[in-house]
Amino acid sequence: MTRAEIGTVLSESRLGRLACVKDNRPYVVPIHFAFAENHLYSFSLLGRKIEWMRMNPWVCVQVDQFSGKRTWRSVVVNGVFHELPEDPVMRFDRGHAWDLLRKRADWWEPGGLKPSSQRSMRAPETIFYRIRIESSSGRQATVDDEF
């Protein structure tokens, strides 16, 4: 796929699979994201993926689009995690992430939902982050249903 086609897939999509690594062990989770200016923006509550990305910021995100039984597009992004904390230095970037993400309904899922066993009485820490895209690749297939 061309760079423009990859950008189209990322712009049209909101669900991807984020892979991070700690001690040579991979961990893959679904995330909702928004794409802009060579970055993926997302949100999460504190948990394993945030802890792991804080220790090793190199990540991978995979995004799929299906438009038929045998018609698909898939993009893989390699990039670097960067947390957007709630502080004056990051105010603009954090606000930009918020603006991009809230354009879509249910933008806070799955990052804002934790299993009931992990709920506590205190308010959860909200974490916005972006992934600077270092490289990307894509593949697509279109197969006619007629034989």
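In which strand does S44 lie? Select S44 to begin: the residue lies in strand β4, where strands (E, at least two residues) and helices (H or I, at least four) are DSSP runs numbered from the N terminus. This is a predicted model, in which local features need pLDDT of at least 70, side-chain atom pairs count only at pLDDT 80 or more, and totals for chains, interfaces and linings use all residues. Residues are numbered from 1 along each chain as its sequence is written, and side-chain values use heavy atoms, leaving out hydrogens and water.

S44 has a relative accessibility of 1% and counts as buried; buried means under 20% relative accessible area, exposed over 50%, and partly exposed in between (1.4 Å probe, protein chains only).

Next, select helix α3, residues 91–101, whose buried residues are R94, H96, A97, L100 and L101. They lie on the same side of α3 because they cover an arc of only 155 degrees around the axis, taken from the directions from the helix axis to the C-beta atoms. Their cover includes β2 (25–32), β3 (34–36), β4 (39–45), β6 (71–84) and β7 (126–141), with contact meaning heavy atoms within 4.5 Å.

Finally, select C20, which is buried at 1% relative accessibility, and then C60, which is partly exposed at 22%. The model has zero disulfides, counted as pairs of cysteine sulfur atoms within 2.5 Å.
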